[in-house]
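Please consult the sequence and the model while reading.

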Protein chains: 2
Amino acid sequence: MPFPSTETPGRLQAELATRGVRMTRQRRAILEVIETADHHLDASQIQRWAQRIEPSVDRVTVYRTLSLLKRHGLVDELDLMHVGGEGHYYERVTGRNHLHVTCLNCGKVLEFETPHLDSIRREVECSCCFKVEVARLEIGGYCKECCGKQAQANG
Amino acid sequence: MPFPSTETPGRLQAELATRGVRMTRQRRAILEVIETADHHLDASQIQRWAQRIEPSVDRVTVYRTLSLLKRHGLVDELDLMHVGGEGHYYERVTGRNHLHVTCLNCGKVLEFETPHLDSIRREVECSCCFKVEVARLEIGGYCKECCGKQAQANG
DNA sequence: TTAAGTGCAAATATTTTGCTGTCAC
DNA sequence: GTGACAGCAAAATATTTGCACTTAA
């Protein structure tokens with residue numbers, strides 16, 4: 001779903017194969033859901049979609065697979081400012097670093113790319129002597145459509 | 001705890017008073033803990049410390065007060081990359097925008113200030129026609145001390 | 001006085017763990 | 001064949017809600 005919205009299908013599966021990770025019907029279903037999703041999904045949504053491909057997929061298997069993918073650096077975990085619950089959302093990691101802008105009113109999520117993000121990454125690596133693995137920038141606020149309504153509601 | 005580590009005491013209480021929010025013994029205790037904390041605390045740590053000042057402070061009151069403070073934009077909620085559980089950490093909002101750098105191995109948290117963060121904020125406001133309320137940048141990786149150990153463990 | 005705030009109990013939501021059986025390689 | 005993976009049940013963790021009592025203003 002994220003930046004290059006048309007991702008090579010089967011890429012995640014291939015990636016895991018190279019790393020000697022065993023493939024199962026359940027995992028294949030979960031990977032397919034993550035690759036073809038058109039918006040950010042949480043664990044229970046991933047389960048629901050995966051079950052349409054492979055009905056046996058259990059909640060626990062979803063969590064175990066997500067944890068596997070995180071460990072291998074193949075998916076990122078997002079909060080999206082916790083609009084719509086305390087859970088997490090997941091997206092395929094791509095080369096393109098981007099940030100997530102969430103409307104606190106309507107829940108809409110925009111993705112945004114900027115070279116400043118990489119600058120910060122480099123700054124932290126140099127100034128803090130720190131090996132950066134993940135950089136997650138989430139922004140919350142009000143989108144163009146909701147700004148008017150918000151002003152009304154608070155004013 | 002956060003950037004200007006010596007914050008004016010009683011500031012949070014005064015801030016709430018101006019906004020016509022009722023003050024109670026329990027809230028005073030919680031506010032004092034947040035203002036004087038020397039590192040990022042989660043809800044249950046806030047409760048434990050607040051109970052030393054006012055033993056009756058309940059878990060629920062902590063959550064309700066945190067939610068109040070968030071609503072008023074007086075504290076920020078952090079994940080710190082979920083090192084050490086799924087809960088959240090809280091810090092007093094100050095004028096100085098900064099980001100949090102968490103070591104995935106030892107859990108150490110560094111705070112870092114950079115003008116790029118404000119640049120991104122402005123970019124999002126202009127390019128996305130978006131009113132930014134919160135910008136949370138969290139970085140995970142390995143600190144100088146843990147880099148060696150990590151290389152060993154994975155290699 | 002009274003609306004806002006509190007504690008307690010219980011519900012809800014999310015994620016993890018233990019165990020036993022199954023399947024990919 | 002065997003070790004990694006699956007499902008199921010249950011635990012652990014984090015946060016929220018309902019309700020009757022209390023208290024700040």
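A crossing of two helices is left-handed if the near helix is turned anticlockwise from the far one by less than a right angle, and right-handed if clockwise. The model is predicted, so that local features need pLDDT of at least 70 and side-chain atom pairs count only at pLDDT 80 or more, whereas totals for chains, interfaces and linings use all residues. Residues are numbered from 1 along each chain as its sequence is written, chains are lettered from A and ligands numbered from 1 in the order in which they are written, and side-chain values use heavy atoms, with hydrogens and water left out.

Q: How many helices and strands does chain A have?
A: Helices (H or I, at least four residues) and strands (E, at least two) are DSSP runs, numbered from the N terminus. Read from that terminus, the elements of chain A follow the order α-α-β-α-α-β-β-β-β-α-β-α. The count for chain A is six helices and six strands.

Q: Which word describes the orientation of α3(B) to α4(B)?
A: Axes are lines fitted to C-alpha atoms, for helices over the stretch in contact, and angles run from 0 to 180 degrees between N-to-C directions. Helix α3 (residues 43-53) and helix α4 (residues 59-71) of chain B pack with axes 9 Å apart, at an angle of about 115°. Angles under 35 degrees count as roughly parallel, over 145 as roughly antiparallel, 65 to 115 as roughly perpendicular and the rest as oblique. The orientation of α3(B) to α4(B) is therefore roughly perpendicular.

Q: Is the crossing of α3(B) and α4(B) left-handed or right-handed?
A: Contact means heavy atoms within 4.5 Å. Ala43(B), Ile46(B) and Gln47(B) of α3(B) meet Arg59(B), Val62(B), Tyr63(B) and Leu66(B) of α4(B). The crossing of α3(B) and α4(B) is right-handed.

Q: Which word describes α1(B) and α2(B) relative to each other?
A: Helix α1 (residues 11-18) of chain B meets α2(B) through Arg11(B), Leu12(B), Gln13(B) and Leu16(B), which touch Arg28(B), Leu31(B), Ile34(B) and Glu35(B). The axes of α1(B) and α2(B) come within 8 Å and cross at roughly 130°. The two helices α1(B) and α2(B) are therefore oblique.

Q: How far from a base nitrogen of DNA strand D does a polar side-chain atom of Arg22(A) lie?
A: A residue is near a strand if one of its heavy atoms lies within 4 Å of it. Of the 20 residues around DNA strand D, Arg22(A), Thr24(A), Ser56(A), Thr61(A) and His88(B) come nearest. A polar contact is a pair of N or O atoms within 3.5 Å; within protein, one must be able to donate a hydrogen and the other to accept it, and residues adjacent in sequence count only if both atoms are side-chain atoms. For Arg22(A) and the base nitrogen of DNA strand D, the distance is 2.6 Å.
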